[in-house]
Amino acid sequence: MSVVVADSLEQALDALAAAPHATVLAGGTDVMVELNLGHRRTDAVVAVARVPELCSWTYDARRATVRLGAAVRYAEIHADPLAAWLPALAQAGRTVGSPQIRAAATVGGNLATSSPAGDGITVLAALDATVHLVSSAGRRDVPVGQFTVGPKRNVLAPGELIEAITVPVARGWQGFSKVGVRNAMVIATANACLAVDEPAGSVALALGSVGPVILRCPEAEAIAAAQCDVAARRASPATVAAFAEAAMAAARPIDDHRSTAAYRRHAVRVMAGRLLRRAMPHE
Amino acid sequence: MSEQYTLRVNGADRPVQDAWVGESLLYVLRERLGLLAAKGACEQGECGSCSVLVDGEVVCSCLVLAASAVGQEITTVEGLAEPGAPTDVQQAYVDAGAVQCGFCTPGLIMATHALLERTAAPSELEIREALSGNVCRCTGYGRIIEAVQQVAARRGEAGR
């Protein structure tokens, strides 16, 4: 049969080894759109959404990380207990599509699609998540920032799957922000994730939908680290403004059917400033 | 290549023959199994008019690869009730005037059943969020939300 509904990781990897260019199907919320609209043809599918190893997650208290199986769905991520450990990913998860989409869409599929507008990827980038890849030839780990290499392009080799994503548990305030034409069921015009690492005294900022891949903002992050009192959650209005300007400067947006580059730059400045103020409510 | 598989739909085994590998569940339900309640509009998960339950979860059938749903329990509006004997949700939609052109209604009925299974007495915000994946271009949603609230209230009274 040309559709393999894998019920173990081994079976999925064997099927992919036998047909390395098969379409890997997780939640289907991206792949099926391409099939329905005739943008993709396929004669072989390996369905991985029911692979138990990919559907489970583990919490590592000692390392303070959560390892999410690639087929963990957004409906699970935006509920506790995952939401308590990964609040920004949960927040982003709540804006990924509708309840129907979130019941199917997986975090690994979100990453594998490698859309520049992927809401979940922006959060994973801000949190320096690690992507665990597996094939019948073995395993390798890739930092999330090196996983996507362009719009809808990534380092996955034929026959290779995302097995899991390790995400550090929140070590300070974190939040996700998104601009789009409505609240539900919308692809971001621009999105942003800010995560504070209190013990390290640092602030991470990632931007989506404003470049060929998700972007980090090293200059804005340096401003925040140097000028914010992270422990007291304090930032001056000048710091917030400088942070927002630096975030805007890091954006590399284009004009397209969803918005203009100029509006996206403006949106980035507003979102970055708001996120930093939420993280640092005291002036 | 032609695919042969059997889906479990509304409690019955339904063989599917000579299918293309990439067919959506929506296509198979409508074109191969003759179940016309789920509606096809956007074919990209935006409108919710094709919503069905797969293993109890409401999903867009246009985004389910039919051949990958083997072994799962699929429920469409046809499986909710016999003709002429509507469920309380269907009756409330009629009573509240929540049906105009009717195209989105089957998807909304499935999403409403799924919501009330999880949350017996949802707030208006919870109703709006639960139905946010179902687009209606006629009603403006007010009467749809009233219908959901009516069901919740009637079930609450019946349960007392």
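Across the interface of domain 1 of chain B and domain 2 of chain B, three residue pairs are found in polar contact, both residues of each pair being at pLDDT 80 or more; a polar contact here is a pair of N or O atoms within 3.5 Å, where within protein one must be able to donate a hydrogen and the other to accept it, and where residues adjacent in sequence count only if both atoms are side-chain atoms. The model is a predicted one, in which local features need pLDDT of at least 70 and side-chain atom pairs count only at pLDDT 80 or more, whereas totals for chains, interfaces and linings use all residues. Residues are numbered from 1 along each chain as its sequence is written, chains are lettered from A and ligands numbered from 1 in the order in which they are written, and side-chain values use heavy atoms, with hydrogens and water left out.

**The two domains of chain B**

- On the side of domain 1 of chain B that touches domain 2 of chain B, strand β3 (residues 51-54) of chain B gives the largest share, three residues; helices (H or I, at least four residues) and strands (E, at least two) are DSSP runs, numbered from the N terminus.
- That side of domain 1 of chain B consists, by class, of six nonpolar, six polar and two charged residues, where Ala, Val, Leu, Ile, Met, Phe, Trp, Tyr, Cys and Pro count as nonpolar, Asp, Glu, Lys and Arg as charged, and the others, Gly among them, as polar.
- Chain B is assigned domain 1 (3-76) and domain 2 (88-159), the bounds coming from an automatic or database domain assignment, and the centres of these domains, taken over C-alpha atoms, are separated by 23 Å.
- In contact (heavy atoms within 4.5 Å) are 14 residues of domain 1 of chain B and ten residues of domain 2 of chain B.
- About 870 Å² is buried between domain 1 of chain B and domain 2 of chain B, with carbon and sulfur atoms giving 69%; buried area is the accessible area (1.4 Å probe) that two parts lose on being put together, summed over both.
- Between domain 1 of chain B and domain 2 of chain B the count of salt bridges is zero, a salt bridge being a side-chain nitrogen of Lys or Arg within 4 Å of a carboxyl oxygen of Asp or Glu.

**The interface of chain A and chain B**

- Chain A contributes 30 residues and chain B 36 residues to the contact, and the two chains bury about 2,500 Å² between them, 57% of it on carbon and sulfur atoms.
- Of the area that chain A buries against chain B, 24% is supplied by A:Met32, A:Arg50 and A:Gln100, more than by any other three residues.
- There are three salt bridges between chain A and chain B, including the one in which the side chains of A:Arg102 and B:Glu129 meet at 3.8 Å, N to O.
- Nine residue pairs are in polar contact between chain A and chain B, both residues at pLDDT 80 or more.
- At least two residues each of the side of chain A that touches chain B come from β1 (3-5), α2 (31-36), β3 (45-47) and α7 (99-104) of chain A, and α7(A) gives the most, with five residues.
- By class, this side of chain A holds 15 nonpolar, eight polar and seven charged residues.

**The two domains of chain A**

- Chain A is assigned domain 1 (3-168) and domain 2 (174-279), whose C-alpha centres lie 24 Å apart, and their contact takes 25 residues from domain 1 of chain A and 22 residues from domain 2 of chain A.
- The area buried between these domains of chain A is about 1,700 Å², carbon and sulfur atoms giving 61%, and A:Pro116, A:Thr122 and A:Ala126 supply 29% of what domain 1 of chain A buries, more than any other three residues.
- Two salt bridges are found across the interface of domain 1 of chain A and domain 2 of chain A. A:Asp128 also forms a salt bridge with A:Arg216, the closest N and O atoms being 3.0 Å apart.

**A:Glu163 in chain A**

- A:Glu163, in strand β10 (residues 161-168) of chain A, is buried, with a relative accessible area of 9%; buried means under 20% relative accessible area, exposed over 50% and partly exposed in between (1.4 Å probe, protein chains only).
- The side chains of A:Glu163 and A:Arg139 are joined by a polar contact of 2.8 Å.
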